[in-house]
Amino acid sequence: MTAREHSPDASGGPARPGAGAHAGAGRSWWGWGRTDQALPDSECRALAALLPGLPEEPLPVPGTGELTMASPRIRAPGALAHLVSDGPADRAAHTYGKAYRDVVRALHGDMAAAPDLVAHPRTETELVDLLDWAGTADVAVIPYGGGSSVTGGVEYRGGDHAGVLSLDLSAMDRVLEVDTTSRAARIQAGVFGPSLEDQLRGHGGGLTLRHFPQSFEFSTLGGWLATRAGGHYATLYTHIDDLVESMRVVTPAGVCDSWRLPGSGAGPSPDRLFLGSEGTLGVITEAWMRLQDRPVHKASAAVRFAAFADAVEAVRAIAQAGLNPANCRLLDPGEAALAGAAQDAESVLVLGVESAHHPVDGRLAELCALARDHGGTVGDPGGSGGSGTEAGEGDAVGAWRSAFLRMPYLRDGLARMSAITETFETACTWDRFTGLYEAVRAGIGAAVEEVTGSPGLVNCRLTHVYPDGAAPYFTVIATGRRGAEAAMWDEIKSAAMEILVRHGASVTHHHAVGRDHRPGYDRQRPEPFALALRAAKSALDPRGILNPGVLVDTQPRERG
């Protein structure tokens, strides 16, 4: 039974050819973000001063015309030919995500994983046609949102499929309906973050999805849903899960279209099956998402602590106080110094509050009082009144925000100098936090020295906090050897995964599983659930074409 038999065209109107093309304008094919934001050679050389033993010159960035790729092994049938591309630039841009190992392989011109074809469907009907063809032709299909995966989520790694098709949904990028009464919107999965918010503003300007991951500019709604993405906000609505009202997912076995409901106790949730499924069970085409009134009152403050342990206790007290700050970002001394937010071995807590309806100065004052009770020194808070912009930007808050937005470009600059950079995030309960933090710093420090022959930097910040625990986010920077960067990164990554699993911490909090976190994920999930997941994969994707190798191993499959 084909997907077509269950799939009316739910595009909501005539498609706009190439509607998503603007999202790729100026995008870097090899690294993060936009080409005009990448670090020039001089800044790459300056970054090398952070670590001894790096090369004097950065790796050159190859043009897509210089790359060597195998010829496509497959060809789409004539009726679908207008939807696919085999151009070198398109294939190169869809080969990898944006993990460190992806960046260095691209810089070295390694295109072994390049897809044979890239598809750009404009409607759900065209997507169904592509899946039907792929199933009969034994072609692996890799759903591709914005390509910002840092876990190997969009890379085909081996297998015996006849070919590989990268399925780019960025042409399906519209806000189709807005229900202002219920504060919800029906949104196509291929829309990028900025376009989504722009379109919502066009419906009166008062509503927002309010989901802002660091990859916001370069990621899509479908990608957020498929990876259970975490947004910038530290408390309350931290994950995209919290904002889903219903979803529409195309699978090779048919279309799953859940009901719009504010809540339901009717058995296991169909949406929960596909949230976090990473394109291995079906392709998310649209979703009804809960919206919020756009905030107009904002205020922020930075709190300094002489002792990191005191800062952690302050954050726990804040998380358990029910004040729900929008930002509660704790930087340990190394991370604070790296961001230019502090010196003298201080830790920095960045607090932010916001509201669409009420002044927030009182809530910020309560948060600051809790921080003072635990030894914090509060700087002058900044407030925006009703202006919608935060004050207090000149000191630690502004320094942190600038570093946060710029960090992926700095990572790429370090990669060009053959430095090893890695970030990994996790979550654990408060009673285990200190032990995990100390184990990671010691264990990864030792692993870095063993792998590279010299000490590196191991820093931490808390990105999200809950009443019962926190999500620490670790940054590792070390000296690499040119030509061996990916292999060295793999060793450090493996050591990190082992420490997390040993301490009962999640292998990921919001970066997803992909292929890079599979070893840890296989150990984290209960085996009965693994059996159910494999059965779901077999039932929904019997020919094993959807993102093989993600979440579960590909089972023996039906052939066309």
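User: In this predicted model, does Glu-278 count as buried or exposed?

Analyst: Glu-278 sits in the loop between H7 and strand E10 (283-290), and its relative accessibility is 9%. The cut-off for a buried residue is under 20% relative accessible area. Because its 9% falls within that class, Glu-278 counts as buried.

User: What phi does Glu-278 have, although it is not a glycine?

Analyst: Most residues other than glycine have a negative phi. Glu-278, which is not a glycine, has a phi that is positive, with a value of about 55°.

User: Where does Arg-183 lie, and is it counted as buried, partly exposed or exposed?

Analyst: Arg-183 lies in the loop between E5 and E6, and in that hairpin, which has four residues between the strands, it takes a positive phi near 55°. Since Arg-183 has a relative accessibility of 34%, it counts as partly exposed.

User: How many bridges join strand E5 to strand E6, and which residue is the bridge partner of Asp-179?

Analyst: Strand E5 (residues 175-179) and strand E6 (residues 184-188) run antiparallel, and the number of bridges that join them is four. For Asp-179, the bridge partner in E6 is Ala-184.

User: What span should the twelve residues of helix H8 have at 1.5 Å a residue, and how far apart are its end C-alpha atoms?

Analyst: The expected span is 1.5 Å times one less than the number of residues, which for helix H8 (residues 308-319) gives 16 Å. The end C-alpha atoms of H8 agree with this expectation, being apart by 16 Å.

User: Within what arc do the buried residues of H8 fall, seen down its axis?

Analyst: The buried residues in H8 are Phe-308, Ala-311, Val-312, Ala-314, Val-315, Ile-318 and Ala-319. Seen down the axis of H8, these buried residues line one face of the helix, because they fall within an arc of 160°.

User: Which element gives the largest share of the lining of the second largest pocket?

Analyst: The second largest pocket holds about 730 Å³ of space and is lined by 29 residues, of which Arg-228, Leu-275, Gly-276, Val-513 and Tyr-521 lie nearest its centre. The elements giving two or more residues to this lining are helix H7 (270-274), helix H14 (518-524) and helix H15 (527-540). By class, the lining has 14 nonpolar, ten polar and five charged residues. The largest share, four residues, comes from H15.

Technical notes:
Residues numbered from 1 in each chain as written. Predicted model: local features only at pLDDT ≥ 70, side-chain atom pairs only at ≥ 80, totals over all residues. Heavy atoms only, no water. Buried < 20%, exposed > 50% of the residue type's maximum accessible area, 1.4 Å probe, protein only. Arc of directions from axis to C-beta. Pairing = 2+ DSSP bridges. 1 Å grid on protein atoms, 1.4 Å probe; cavity = no way out; pocket = protein on both sides within 12 Å on 5 of 7 lines; lining within 4 Å. Points joined across faces, edges and corners; volume = space filled by probe spheres on them. Nonpolar A, V, L, I, M, F, W, Y, C, P; charged D, E, K, R; others polar.
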